[in-house]
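Let's walk through this one together, a piece at a time. Have the viewer open and follow along.

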Amino acid sequence: MDIVVNEERAIKFLQDLIQIESVNPPGNELGVAEAIAGHVKNPGLSCEIKPFSENRANMIVRLEGKDSSRPPLIFNGHLDTVPIGDNLWEHPPFSGNMVDGKIYGRGACDMKGGVAALIEAMICLKEAGEELEHDVIFIGTAGEEVDCVGAKMMVEEDILKKAGAMVIAEPSNGRVFTAHKGVLWLEIKLFGKTAHASMPDQGINAIIHMSELIERLKKFTFYAEEHGLLGKPSLTVSTIEGGVKTNVVPDQCRITLDIRTVPGMKHEKIIHQISELLEELKAEIKNFQPELNVLNNLPALENMKNDSFVRLCLEVNQELYNMKPEEKGANYYTDASIFFPQLKLPTVIYGPGNEKLAHQPNEYVEVKKYIQAIEYYVELARRYSS
């Protein structure tokens, strides 16, 4: 049975989602969840919104199959977006403008385009009257862009504990990602003593001390082998804050580190390495006073070798779009960092957005890729067997 995508409806739906501001912080995912609930009502998909604080919510949308006791196929996407940033946008960030075959706006790529495609695929299957052997369940999560709070709540749901496989519609540019890096965010504070800047010897300059630390971090060595899909781990000094005013010796300086890890690395070992480095500097530099805090700690994703669901995902992509059946990896992290360690589900990332456009000004998704993603999810759901 051929299933035809209602392109006009699908485009309008995505534009509607982009026009709902769900920037995180604070999130405001409830508005997106309500829009999805309204969209799936007429086709007859069951839907449950799960609020957990003001204007914040997770949601569940279910396409029922013949046998709900079978392990369902899970579709996942997050409902929040990153902020729009300070750069000027050519197209208003919450417009959903369509120009030259591209739909623009914050979240078009990451990842309202993917969310809309998953929902439209479920509607296509429902409207075609094609009853699958298994349920297909969309899990919409809050907060992925900050702390994965929604995924942490949803991981305890019975429907997830019984699931057979998961597709996350993060941007992959129409390729099948089967692994992604882990993330470790660290905060390091150094403390000094204020004094008049004309008498620097009377104070302890926390910024000077931090400059010594940063020089050491530039030479930091990871004890990890290069990963076949993900390459090498990385460490980035992402933010720095310090000082009171120009004529005061700074008594504090703070940096944050973004560390991306590959499967097999132990985050506890990295934290220990950083702690040892701080102790070395404490012994070498008089009045060096550090404080180390962990801000985010999520593991990498890696599927089992030769997994049958992964093979199916690759085969469908090859058959539909003549894509070479090879696995790819992502440098970013996803809600799979929460789901996979708990559920051990085969998990792939497949979305219409180009990952290089995520978090950028003038973010967009190509209409062609968006429609193809809907077709892909339809075919994958039809061929999935639990």
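Leaving aside its neighbours within four places in sequence, which residues is Val40 in contact with? They are Leu45, Cys47, Val61, Ile119 and Ile123, where contact means heavy atoms within 4.5 Å. Val40 itself lies in helix α2, residues 29-41. Helices here are DSSP runs of H or I with at least four residues, strands are runs of E with at least two, and both are numbered from the N terminus. At 0% relative accessibility, Val40 counts as buried; the cut-offs, with a 1.4 Å probe and protein chains only, are under 20% relative accessible area for buried, over 50% for exposed, and partly exposed in between. For a sense of scale, Val40 and Lys162 sit 122 residues apart in sequence and 24 Å apart in space, C-alpha to C-alpha.

Some housekeeping before going on. This is a predicted model, so local features need pLDDT of at least 70 and side-chain atom pairs count only at pLDDT 80 or more, while totals for chains, interfaces and linings use all residues. Residues are numbered from 1 along each chain as its sequence is written, and side-chain values use heavy atoms, with hydrogens and water left out.

Now for the sheets. Strands of a sheet pair through backbone hydrogen bonds, either parallel or antiparallel. Pairing here takes at least two DSSP bridges between two strands. Axes are lines fitted to C-alpha atoms, for helices over the stretch in contact, and the angles run from 0 to 180 degrees between N-to-C directions. Zoom in on β10 and β11 (residues 252-261) and you'll find eight bridges in the antiparallel sense, with Val237 standing opposite Leu257 in β11.

There's also an open sheet of three strands, in the order β4-β5-β16 and again antiparallel. Its edge strands are β4 and β16 (364-366), each pairing on one side only. Two bridges join β4 to β5, and Val99 stands opposite Lys102 in β5. Two helices lie across β4, β5 and β16: α1 runs at about 20 degrees to β5, and α10 runs at about 65 degrees to β16.

Stay with α10 (residues 367-383) for a moment. It has 17 residues and reaches 25 Å from its first C-alpha to its last, close to the 24 Å expected at 1.5 Å a residue; that expected span is 1.5 Å times one less than the number of residues. Of the 17 residues in α10, 12 are buried, so the helix is largely enclosed by the rest of the structure. Among them are Tyr370, Gln372, Tyr376, Tyr377 and Glu379.

Strand β8 (residues 177-180) has two partners to look at. It pairs with β14 in the parallel sense over three bridges, and with β13 (residues 301-302) in the antiparallel sense over two. Ala179 shows up in both pairings, standing opposite Gly329 in β14 and having Glu302 as its bridge partner in β13.

β14 (residues 328-330) also gives the most to the lining of the largest pocket, with three residues. That pocket has a volume of about 640 Å³ and is lined by 24 residues, of which Arg260, Asn331, Tyr332, Tyr333 and His359 lie nearest its centre. A pocket here is an open set of points on a 1 Å grid over the protein atoms alone, where a 1.4 Å probe fits, with protein on both sides within 12 Å along at least five of seven lines; lining residues have an atom within 4 Å of a point. Grid points are joined across faces, edges and corners, and the volume is the space filled by probe spheres set on them.

Finally, some backbone details. The peptide bond from Asn24 to Pro25 is cis, with omega near 5 degrees, and Pro25 lies in the loop between α1 (7-18) and α2. Another cis bond joins Asp110 and Met111, with omega about -10 degrees.
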